Amino acid sequence: MNCERDSWLKSLFVRKVDPRKDAHSHLLAKKEDNNLYKIQFHNVKPECLDAYNQLCEDVLPSIHADPEYPCELVGTWNTWYGEQDQAVHLWRYRGGYPALTEVMNKLRQNKVFMDYRNERGKMLLSRRNQLLLEFSFWNEPVPRSGPNIYELRSYQLRPGTMIEWGNYWARAIEIRQQNQEAVGGFFSQIGRLYTVHHLWAYKDLLSREDTRNAAWQRDGWDEVVYYTVPLIQHMESRIMIPMKTSPMQ
């Protein structure tokens, strides 16, 4: 009798979850294209930052412009506020994983790139990357004229909450498009998982403050913040400055 009562009591506290019939990537990513993104974080030796930037400006645009490589350099930046002496590169591969594999194989045969990679290795303290998909409700990142500053807001979500995050932000992004500040929204597939990156553009730090404060005056923004904050384990903001040859200025 006691066992039956204990079992009944436990059932009251069991969270009933409807089984998912598809992967997060199929539910949240854009269906009309097959883009894969790679984000790179390079922590540079402080004394090498200028030389590193020049090296990137000499080599990366040529890969971006070469039609033999099915990839595009979306943007390349230095972190201004956040981790210091850091570079962030965002690449887009049109064609998904096959395009990524094709580019990697071709770059191994590219002497200029291999020389760049060897020289770059002497300048770095550490590096990491992630493969990302784009949220279906964000615009595709496109080149921008400047001058702008960029904010990369990165969120480490609690496992199992990505769909919930997407549901709230599908509505929230309409609130945050008023000043065309939304650049791109991504979620990780390989690397650190359950990571979301939101990329924003502003004219300067003051316009960033004004734009973010204005969001609180619009219906629905307070609700989005209230319901999404509990989904976050860790969050980080980087203010970034474009490199000279970045498609986003």
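I took helices (H or I, at least four residues) and strands (E, at least two) as DSSP runs, numbered from the N terminus. I am working on a predicted model, where local features need pLDDT of at least 70, side-chain atom pairs count only at pLDDT 80 or more, and totals for chains, interfaces and linings use all residues. Residues are numbered from 1 along each chain as its sequence is written, and side-chain values use heavy atoms, with hydrogens and water left out.

**Entry: backbone in the loops**

I looked up Y194 and placed it in the loop between strand 6 (182-190) and strand 7 (195-202). Its phi is positive, near 55 degrees, in a residue other than glycine. Y194 comes out as partly exposed, at 25% relative accessibility.

D85 also went on my list, with a positive phi of about 55 degrees although it is not a glycine. I found D85 in the loop between strand 2 (71-81) and strand 3 (86-94). D85 has a relative accessible area of 25%, so I noted it as partly exposed.

Next I checked the peptide bond between G146 and P147, which is cis, with omega about 5 degrees. P147 sits in the loop between strand 4 (124-134) and strand 5 (149-157).

**Entry: helix 5**

Which residues of helix 5 are buried? In this helix (residues 111-121), I found F113, Y116 and R120 buried. They cover an arc of only 60 degrees around the axis, and therefore lie on the same side of helix 5; the arc is that of the directions from the helix axis to the C-beta atoms. An α-helix has 3.6 residues a turn, so residues three or four places apart point the same way. On the other side of helix 5, I noted K111 and N118 as exposed.

What do the buried residues of helix 5 pack against? I listed strand 1 (35-44), helix 3 (49-65), helix 4 (97-108) and strand 4, taking contact as heavy atoms within 4.5 Å.

I then looked at the start of helix 5, where a side-chain oxygen of N110 reaches to within 3.0 Å of the backbone nitrogen of V112.

**Entry: strand 8**

Last, I looked up I241, which lies in strand 8 (residues 232-242). I241 counts as partly exposed, at 32% relative accessibility.

Key
Buried means under 20% relative accessible area, exposed over 50%, partly exposed in between (1.4 Å probe, protein chains only). A polar contact is a pair of N or O atoms within 3.5 Å; within protein, one must be able to donate a hydrogen and the other to accept it, and residues adjacent in sequence count only if both atoms are side-chain atoms.
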